[in-house]
Amino acid sequence: MPPEKAGPIKLLIVDDSFFMRKMLQDIFAETNGAIQVVDTAQNGLEALEKTKKLKPDVITLDVEMPKMDGLTALEKIMKERPTPVVMLSSHTGKGAEATIRALEMGAVDCVAKPAGRVLENVRAVQGELIEKIKMAALCGPQIQKLSHPKYPVPEGEDRKFPRTAKVTQGIARP
């Protein structure tokens with residue numbers, strides 16, 4: 001088990017599906033206060049506004065949403081208020097292009113939304129999702145530090161996407 005963050009983890013859930021937002025709220029309500037959902041957003045624009053206003057410790061972020069998609073929102077969040085993000089989408093499965101892009105852009109981790117019977121299948125990834133959010137909360141200060149202009153950018157990395165070099169090193173080459 002990962003070390004715990006002191007106090008509850010303040011979580012912002014971003015998903016265009018009302019049903020998914022409600023299911024996630026119910027899942028995190030079962031953490032005995034370890035993870036507190038501070039609000040939800042239904043698109044990337046709302047996510048940006050609420051991130052600035054509420055200052056969550058972690059954000060779960062869907063990829064496909066109206067008004068502003070999750071990858072665009074992720075890029076803006078990392079520029080405007082760097083916050084640990086766990087991507088939660090049917091487009092972030094193992095090896096998916098959206099997963100690689102999200103990690104390059106600063107997402108801490110990705111969880112694939114299960115297909116099929118949503119209620120049962122989301123419950124199947126409940127433990128994984130909770131653990132990844134707890135781990136993401138521990139990354140908060142490092143994400144903010146990496147994105148801060150006063151800190152030098154290590155050679156081979158880009159301030160815009162500080163994890164690019166590390167993430168892409170393990171990808172198979174043609």
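Predicted model: local features only at pLDDT ≥ 70, side-chain atom pairs only at ≥ 80, totals over all residues.
Me: Strands pair if DSSP finds at least two bridges between them, and strands are DSSP E runs of at least two residues, numbered from the N terminus. With that settled, which residue of β4 is the bridge partner of Ile 59?

Reply: Residues are numbered from 1 along each chain, and side-chain values use heavy atoms. Strand β3 covers residues 58-61, while β4 covers residues 85-89 and runs parallel to β3, with three bridges between them. Across these strands, the partner of Ile 59 is Val 85.

Me: And which residue of β3 is the bridge partner of Leu 12?

Reply: Look to strand β1, residues 9-14, which runs parallel to β3 and is joined to that strand by four bridges. In β3, the partner of Leu 12 is Ile 59.

Me: Which residue of β4 stands opposite Leu 61?

Reply: Leu 61 belongs to β3, and its side chain points the same way as that of Ile 59. In β4, the residue opposite Leu 61 is Met 87.

Me: Are the residues of β3 buried or exposed?

Reply: In a regular strand, side chains alternate between the two faces of the sheet. Here Val 58 and Thr 60 point one way, and Ile 59 and Leu 61 the other. With buried meaning under 20% relative accessible area (1.4 Å probe, protein chains only), all four are buried.

Me: Which strands stand at the edges of the sheet?

Reply: Five strands form an open sheet with parallel pairing, in the order β2-β1-β3-β4-β5. Each edge strand has a single partner, so one side of each is left without a neighbour in the sheet. The edge strands are β2 (35-41) and β5 (109-112).

Terms used. Buried < 20%, exposed > 50% of the residue type's maximum accessible area, 1.4 Å probe, protein only.
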